[in-house]
Amino acid sequence: VGLEIAIVTGKVVFLLLLLVLQVVALGVFFERKVSAVIQDRIGANRAAIFGFVGFGLINTLVADPVKFLLKEDVVPDGVDRRLHFWAPILGLMPALVAFAVIPFGDVIEIGGRTIALQVAGLDVGVLFVLAMTSLGVYGVVLAGWASNNRWSLLGGIRGSAQMISYEIAMGLALVAVVLTYGTLDLQEMVKDQGGLIFGWLPAWGILYQPIAFVVLMVAGIAESKRIPFDLPESESELISGYFTEYSGAKHLMFMMSDFVEVVLIAALVTTFFFGGWQVPGLDNGGFTTPWGTHLALPSLVVALVRVIALGLKLVFFTLLQIIIRWTLPRFRYDQLMRLGWKGLLPLALANVMLTACAVLWVGGGSQ
Amino acid sequence: VNPILFLVLAALTIASALVVVLHRSPVYSALGLVGTLGMIAVFFLGLDAHVVGFLQIIVYAGAIVVLFLFVIMLLNLQEEPEALATTTMVAVATGGGVALAGMVTLGVARAPLATPALAQGFGATAPLAERLFTAYLLPFELTSILLLVAIVGAVVIGKRHLS
């Protein structure tokens, strides 16, 4: 039992500290630097260690968190102290826990033990993801309510309405994905995407479910409450919305849960539509080039290449979300609701119907 | 299920259920409800019913109670300064609760103890879906019609002017 616990702990540490949080840190850096590039200004170059600025890398990766952690944690009078304390934690935790079902490799063998490179190999992985993303709303709602501030309250109310609305479209997009793969298990889905079409085109889910990809991406950005969907925060009207009354480390936790959600959306999109840890042409035995040369590789190297490939895909989709965030203006509230209920929901429903017909016609799916 | 784990979980479930009933603040009551429903989901998971367990979290904790909180916040309900319930109401409710608990205990005590062994893959998605769409198809579809009727009713009530 002790060894089992050690292995699971090792997987969690590897996944969260070495993969997810690294991408989160890169995301924060991109947020500063990409915004500067997009707005045609010199950005993120104010902090330096011994004169070394490093493209603003140091001030975003070191100075930013240190600044937040050293600030005074102001808890205003009149707040509900218990919920004010717990809200940032309730916001961050579900987003981190959701990574448990994201596979980051096939299996590796160490000392005669077969270790699956996934923290929790749940047979109902998709349901787990939906459950965790739906719990993320509590952090927003409770922060808004506990702050005893009308701007915060408005932000919390907006957040809950927005997240519930877009969860429906997200769930329906995932229904089509589940119909395509015929399984709820994320590892099975990734394994399904290992082949090549015509010998060169990777058989990734995006080829079968382009509409579901668009719906999931848009709904995912809405769930992460970032521009153009940042009405719960909406600094021009609500100061900072639901986290107006937060400072120091708690404010950092809200910021971080935003970025963890961005990486989570990247991970989900990668897993469902872009082959997860799959590298085209790479199988457990080694690498096969499109013209048929086979290069045998040891399994640990294969596992390492796959983890790096997954990391690069995560970075790509994180970057894409940041570019979207700095390109679009904020929606009006009625536009937000119209897009969710009259745009994405019917689109996702039609996609489910289409997929169901296709699966019946091909006779595919799990049967 | 490990008996110690069961007792701890059961105690937590009852404690959060008591918060729902006893706490003055409506927000805390709603949170107690989330806790209770979440613990019931944990029991489902412990009984190998993964699908039902996660559906419990998605539907109840993730959607329904969030809507409760939404309404509580929208109406800006504050803590009740004094208890709304009269002594008679408390007495009737307590009596009813004790009677219900007694009946459930009696029923469980009389039920046959030997449970049949679970089939292979019990609680997995495929067998569950197969039962749902063959043996229980009619109740399943009737439930969805019931929900549809409720949605139509909500829309009708929500519309101020029917033209």
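User: Is I38(A) buried, exposed or partly exposed?

Analyst: Go by the relative accessible area: under 20% is buried, over 50% is exposed, and partly exposed lies in between (1.4 Å probe, protein chains only). I38(A) counts as partly exposed because its relative accessibility is 37%. One caution: this is a predicted model, where local features need pLDDT of at least 70, side-chain atom pairs count only at pLDDT 80 or more, and totals for chains, interfaces and linings use all residues. As for bookkeeping, residues are numbered from 1 along each chain as its sequence is written, chains are lettered from A and ligands numbered from 1 in the order in which they are written, and side-chain values use heavy atoms, with hydrogens and water left out.

User: Where does I38(A) lie, and what does I38(A) touch?

Analyst: Helices (H or I, at least four residues) and strands (E, at least two) are DSSP runs, numbered from the N terminus. I38(A) belongs to helix α1, residues 2-38 of chain A. Contact means heavy atoms within 4.5 Å. Leaving out residues up to four places away in sequence, I38(A) touches I323(A), W326(A) and T327(A).

User: W326(A) has a ring; what lies over its face?

Analyst: A charge sits over a ring if NZ of Lys or CZ of Arg is within 6 Å of the ring centre and within 35 degrees of the ring normal. Here R325(A) lies over the face of W326(A), 4.0 Å from the ring centre. Look at K67(A) too: its charged end sits over the ring of F68(A), 5.0 Å from the centre.

User: How many aromatic pairs are there over all chains?

Analyst: You describe a pair of aromatic rings by the distance of the centres and the angle of the planes. Rings of Phe, Tyr and Trp (its six-membered ring) pair if their centres lie within 6.5 Å; planes under 30 degrees apart are stacked, over 60 edge-to-face, and the rest tilted. Searching the whole structure gives 18 such pairs over all chains. One of them is Y242(A) with F243(A), edge-to-face at 5.0 Å centre to centre and 80 degrees between the planes. Y242(A) is buried at 1% relative accessibility, and F243(A) is buried at 5%. F316(A) and F317(A) are also edge-to-face, with 5.1 Å between centres and 90 degrees between planes. In that pair F316(A) is partly exposed at 48%, whereas F317(A) is buried at 5%.

User: Which residues do ring pairs link into a cluster?

Analyst: The cluster holds W204(A), F213(A), F272(A), F273(A), F274(A), F316(A) and F317(A). Now find Q193(A), which touches W204(A), F272(A), F273(A) and F274(A), among others. Q193(A) sits in the loop between α7 (186-192) and β3 (196-197) of chain A. Q193(A) counts as buried because its relative accessible area is 1%. Its side chain reaches the backbone nitrogen of G275(A) at 2.9 Å.

User: How much area do chain A and chain B bury between them?

Analyst: Buried area is the accessible area (1.4 Å probe) that two parts lose on being put together, summed over both. For chain A and chain B that is about 2,100 Å², 78% of it on carbon and sulfur atoms. In chain A, Y138(A), W145(A) and I157(A) lose the most area to chain B, together 27% of what that side buries. As for contacts, 25 residues of chain A meet 24 residues of chain B.

Note on methods: A polar contact is a pair of N or O atoms within 3.5 Å; within protein, one must be able to donate a hydrogen and the other to accept it, and residues adjacent in sequence count only if both atoms are side-chain atoms.
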